[in-house]
Amino acid sequence: MQMAAWWGTRAKVSARLQLEVAAMRDTFRDTFRLIVAKGDRLYWAGEVDLNLAGIPQRRHTLHIVYPTSYPSRAAEAYVRDPEIVSRKHQFEDGQLCLFNPRDGKRYGWNPGRSTAVTVAGWAVQWLYAYYTWKATGNWPGLEERIQNNGRSRP
């Protein structure tokens, strides 16, 4: 017998998914829409406009993808358009690196409190950081100021 997905079924949606939908709608209104893909995989698709001068394209399509082990594992964020390939803070499959799991629940993913809103917000921040890095050569954020030995740079 196959276990139901974390979000329940189309006929009986889990309380967690109801919370996720309400939070996304409250925060982003109609910017994101929930998609049910093959294999009962869920993701949010949305277009965000960046208010930055000099970037090649203002509108960016984001996907916030729920893993099957959600919420134990964080949702994943991808930029689908324009294609962005970064050697910093991006995995080989295009997933954005949004937090360091070693930072713990206080600064990273917290299964009891974090939602797709958290990941979508981090993804938008990632885009601004990416374009800042492209323009300045410096990725903004604490992790860029920490040396391997854990001491802050002066």
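This briefing covers the sheet, the helices, the aromatic pairs and some backbone features of the structure above.

The model is predicted: local features need pLDDT of at least 70, side-chain atom pairs count only at pLDDT 80 or more, and totals for chains, interfaces and linings use all residues. Residues are numbered from 1 along each chain as its sequence is written, and side-chain values use heavy atoms, with hydrogens and water left out. Helices (H or I, at least four residues) and strands (E, at least two) are DSSP runs, numbered from the N terminus.

**Sheet**

- An open sheet is formed by four strands in the order β1-β2-β3-β4, with antiparallel pairing; two strands pair if DSSP finds at least two bridges between them.
- β1 (32–37) and β4 (76–81) are at the edges with a single partner strand each, so one side of each has no neighbour in the sheet.
- From one strand to the next the twist averages 30°.
- Six bridges pair β1 with β2 (residues 41–49) in the antiparallel sense, and L34 stands opposite W44 in β2.
- β2 and β3 are paired antiparallel over seven bridges, with Y43 opposite V65 in β3.
- β3 and β4 run antiparallel and are joined by five bridges; E76 in β4 is the bridge partner of V65.
- β3 is largely enclosed by the rest of the structure, because six of its seven residues are buried (buried means under 20% relative accessible area, exposed over 50%, partly exposed in between, with a 1.4 Å probe and protein chains only).

**Helix packing**

- α3 lies across β1, β2, β3 (59–65) and β4, and runs at about 140° to β3.
- Axes are lines fitted to C-alpha atoms, for helices over the stretch in contact, and angles run from 0 to 180 degrees between N-to-C directions; contact means heavy atoms within 4.5 Å.
- The axes of α1 (residues 15–28) and α3 come within 8 Å and cross at roughly 40°.
- This makes α1 oblique to α3 (angles under 35 degrees count as roughly parallel, over 145 as roughly antiparallel, 65 to 115 as roughly perpendicular and the rest as oblique).
- On the α1 side the contact is made by E20, A23, M24, T27 and F28, and on the α3 side by A116, V117, A120 and G121.
- By class, this contact of α1 with α3 has six nonpolar, two polar and one charged residues (Ala, Val, Leu, Ile, Met, Phe, Trp, Tyr, Cys and Pro count as nonpolar, Asp, Glu, Lys and Arg as charged, and the others, Gly among them, as polar).

**Aromatic pairs**

- Rings of Phe, Tyr and Trp (its six-membered ring) pair if their centres lie within 6.5 Å; planes under 30 degrees apart count as stacked, over 60 as edge-to-face and the rest as tilted.
- Eleven aromatic pairs are counted by this rule.
- W126 and Y130 are stacked, because their ring centres are 5.4 Å apart and their planes stand at 5°.
- Both W126 and Y130 lie in α3 (residues 116–136), four residues apart, about one turn of the helix.
- W126 is buried at 4% relative accessibility, and Y130 is buried at 8%.
- One aromatic cluster is formed by W126, Y130, Y131, W133 and W139.

**Backbone features in loops**

- The peptide bond from Y70 to P71 is cis, with omega near 5°; P71 is in the loop between β3 and β4.
- D81 and P82 are joined by a cis peptide bond with omega about 0°, and P82 lies in the loop between β4 and α2 (104–107).
- R29, not a glycine, has a positive phi of about 50°; R29 is in the loop between α1 and β1 and is exposed at 56% relative accessible area.
- H89, not a glycine, has a positive phi of about 60° and is in the loop between β4 and α2.
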